[in-house]
Amino acid sequence: MSALRAEALTRRFGGLTAVSDVSLSIEIGELHAVIGPNGAGKSTLVNLLSGTLPPSAGRVLLGDTDVTGWPSWRLAQAGIGRSFQRTNVLREMTVFENVRLAAQASVFTPGSWLHRATRETAPIEAARAALVRVGLEREGIAATLSHGELRLLEIAMALATAPRVLLLDEPLAGMGPEEGEKVAGLLKELTRDHAVLLIEHDMDFVFAVADSMTVMVDGRVLEQGAPATIRASAAVREAYLGNDA
Ligand code: ADP
Ligand code: MG
């Protein structure tokens, strides 16, 4: 059984179909990369999988549970963690407070004050563990972090709800090569006990870390499979990678 499965997911914005009939599945222990040019629908796909947006058609399954249309807080509770392409960090709050708030997403739910009161220390422990796991044990406010450290903070925020599935939308944005290597190591480590969906532009990075890939163009799946399959695909070369890739 897959940890996460999308079945024919479709999302329309007025006359534009941003995600069209996209299916994929990811297991625990698998890093699945979604690549494609700007506007291909990658972030919209993550929004559909994380409950940030409801799909126009299709289904999302978390394990054997149909979670289609569930709101993001409920999916966070059920085991889907995500990071955003545009940073979701509150810059004037401390590093720790940012992660603690994210951790509370899994207990701080509509109508759950009592539930929360009984689990007050859980978010604190979860936040500490998430920061240790990404190697960002820093005091002070988030505004003092470098670009690379902010990205690590976002990954820690996604980890804070103890998810089985991690959805990471361009976690390398604004990083130098050295920080990128650190994140590559972290992603491989996290993949051991998570199903990871990664959106990333840097092809060398993607081919170095991905176990499987989906190539999207104009909202549709152009090709899907192992990195070697994607490399060998004439359609991908033509549409996306350029003929010299
Ligand atoms: P990617 O992440 O691959 O660059 P996006 O998923 O952000 O692509 O966008 C896919 C398409 O959907 C684009 O044409 C974008 O303008 C459009 N789009 C994304 N979100 C919205 C929205 N909330 N309302 C209207 N159009 C949107
Ligand atoms: Mg995007």
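Q: How many residue pairs in polar contact does the rule find across the interface of domain 1 and domain 2?
A: Three, with both partners at pLDDT 80 or more. Keep in mind that this is a predicted model. To get on that list, a pair needs N or O atoms within 3.5 Å of each other.

Q: What makes the meeting of Glu189 and Arg133 a salt bridge?
A: Their side chains come to 3.2 Å, N to O. The cut-off is 4 Å between a side-chain nitrogen of Lys or Arg and a carboxyl oxygen of Asp or Glu, so this pair qualifies. As for the interface of domain 1 and domain 2, the rule finds two salt bridges across it.

Q: Which elements give two or more residues to the side of domain 1 that touches domain 2?
A: Those are α2 (72-78), β7 and α7 (177-191). The top contributor is α7, with six residues.

Q: What makes domain 1 and domain 2 count as being in contact?
A: Contact asks for heavy atoms within 4.5 Å, and 20 residues of domain 1 pass that test against 18 residues of domain 2.

Q: How much area do domain 1 and domain 2 bury between them?
A: About 1,500 Å², with 63% of it on carbon and sulfur atoms.

Q: Why are β6 and β10 said to stand at the edges?
A: Their sheet is an open one of six strands, in the order β6-β7-β8-β3-β9-β10, with mixed pairing. β6 (80-83) and β10 (220-225) each have a single partner strand, so each has one side with no neighbour in the sheet. From one strand to the next, the twist averages 15 degrees.

Q: How do you know that strand β3 and strand β8 pair?
A: Count the bridges: there are four between β3 (residues 31-35) and β8 (residues 195-199), in the parallel sense. Pairing takes at least two, so they make it. For one position to look up, Leu31 has Val196 in β8 as its bridge partner.

Q: What is the pairing in the open sheet of four strands?
A: Antiparallel, with the strands in the order β2-β1-β4-β5. Here the edge strands are β2 (16-26) and β5 (65-66), each pairing on one side only.

Q: How many bridges join β1 to β2?
A: Seven, with β1 (residues 4-13) running antiparallel to β2. At least two are needed, so this is a pair by the rule.

Q: How many bridges join β1 to β4?
A: Five, and again the strands run antiparallel. With at least two required, β1 and β4 are therefore paired. In β4, Leu62 is the bridge partner of Leu4.

Q: Which strands does helix α1 lie across, running at about 150 degrees to β8?
A: α1 (residues 42-49) lies across β3, β6, β7 (165-169), β8 and β9 (212-217). This helix also lies across β1, β2 and β4 (57-62), at about 120 degrees to β1.

Terms used
Residues are numbered from 1 along each chain as its sequence is written. Chains are lettered from A and ligands numbered from 1 in the order in which they are written. This is a predicted model: local features need pLDDT of at least 70, side-chain atom pairs count only at pLDDT 80 or more; totals for chains, interfaces and linings use all residues. Side-chain values use heavy atoms; hydrogens and water are left out. Axes are lines fitted to C-alpha atoms, for helices over the stretch in contact, and angles run from 0 to 180 degrees between N-to-C directions. Buried area is the accessible area (1.4 Å probe) that two parts lose on being put together, summed over both. A polar contact is a pair of N or O atoms within 3.5 Å; within protein, one must be able to donate a hydrogen and the other to accept it, and residues adjacent in sequence count only if both atoms are side-chain atoms.
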